[in-house]
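Could you walk me through this structure in a friendly way?

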Amino acid sequence: MRKNYALPLGIVLLTAITFWCISYIPSKSYPLTFDPEPGHFEMVISGTNELYLTGSVLLDTTRRVNDKGKSYPEIRLRLKGDGTTHNNFIDVFLATPDLSYPLRGGTYTVTENVRGLFRDFDGVFGFADLDQFGEIPFFSRQGKISLVEANNQLLLGSLEMELGNTLGEVIEIEGNFVTYQEP
């Protein structure tokens with residue numbers, strides 16, 4: 001009895017050729033460093049387009065008072081694109097009664113059900129206005145901000161967020177930032 005190995009051998013050969021061929025397809029990816037210069041950020045934004053965005057980071061801290069009269073900090077990170085061709089910015093707010101300033105390292109998750117645009121939320125809220133993705137702003141749906149190092153002068157971290165707009169379009173933002181304040 002003679003076994004026919006032509007079919008299994010052909011499948012293996014076709015699979016190998018397929019993997020070899022697709023391994024050479026160029027991909028559009030951008031290098032992200034883990035240490036942008038102090039006061040700067042690097043982000044990759046993907047959706048209908050893909051955008052590599054760099055620029056400056058501004059850190060603003062204000063006080064907020066909850067319904068019980070307790071005061072706590074609200075941290076705002078404003079990531080502003082370099083503005084050479086378009087005006088782009090991403091704002092991220094961290095506010096929770098458990099928050100202290102200076103911040104501690106850790107992971108802060110996006111608040112999914114924000115009752116008001118900039119009030120009455122607990123956690124992280126973000127929005128983005130990106131010219132390349134249209135005129136309608138995007139608001140955070142899910143994600144996190146991770147702080148690797150946080151003290152009075154330095155805030156080093158990464159951002160991973162999914163944002164959506166009123167048209168149902170979704171973008172994903174991923175990248176790193178470093179704030180720095182002179183003593």
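## Rings and core

Phenylalanine 125 is buried, with a relative accessibility of 4%. Here buried means under 20% relative accessible area, exposed means over 50%, and partly exposed lies in between (1.4 Å probe, protein chains only).

Before going on, a word on the background. This is a predicted model, where local features need pLDDT of at least 70 and side-chain atom pairs count only at pLDDT 80 or more, while totals for chains, interfaces and linings use all residues. Residues are numbered from 1 along each chain as its sequence is written, and side-chain values use heavy atoms, leaving out hydrogens and water.

How many aromatic pairs does the structure hold? There are five. Rings of Phe, Tyr and Trp (its six-membered ring) pair if their centres lie within 6.5 Å; planes under 30 degrees apart count as stacked, over 60 as edge-to-face and the rest as tilted. Two of these pairs are set out below.

| Pair | Type | Centre to centre | Angle between planes |
|---|---|---|---|
| Phenylalanine 89 and phenylalanine 127 | edge-to-face | 6.0 Å | 85° |
| Phenylalanine 125 and phenylalanine 139 | stacked | 6.3 Å | 25° |

Phenylalanine 89 belongs to strand S4 and phenylalanine 127 to strand S6, so their pair ties together parts 38 residues apart in sequence. Strands are DSSP runs (E, at least two residues), numbered from the N terminus. Phenylalanine 89 is buried at 18% relative accessibility, and phenylalanine 127 is buried at 13%.

The other pair also links distant parts of the chain: phenylalanine 125 is in strand S6 and phenylalanine 139 in strand S7, 14 residues apart. Phenylalanine 139 is partly exposed, with a relative accessible area of 28%. Ring pairs join Phe89, Phe93, Phe125, Phe127 and Phe139 into a cluster.

Now for the core. The largest nonpolar core has 30 residues, and Ile45, Ile90, Val92, Ile145, Ile173 and Phe177 have the most contacts inside it. Such a core is a set of buried Ala, Val, Leu, Ile, Met, Phe, Trp, Tyr and Cys residues joined through side-chain atoms within 4.5 Å. Setting aside residues up to four places away in sequence, isoleucine 45 touches several residues, including Leu53, Ile90 and Ile173; contact means heavy atoms within 4.5 Å.

Key. Helix = DSSP H or I, 4+ residues; strand = E, 2+ residues; numbered from the N terminus.
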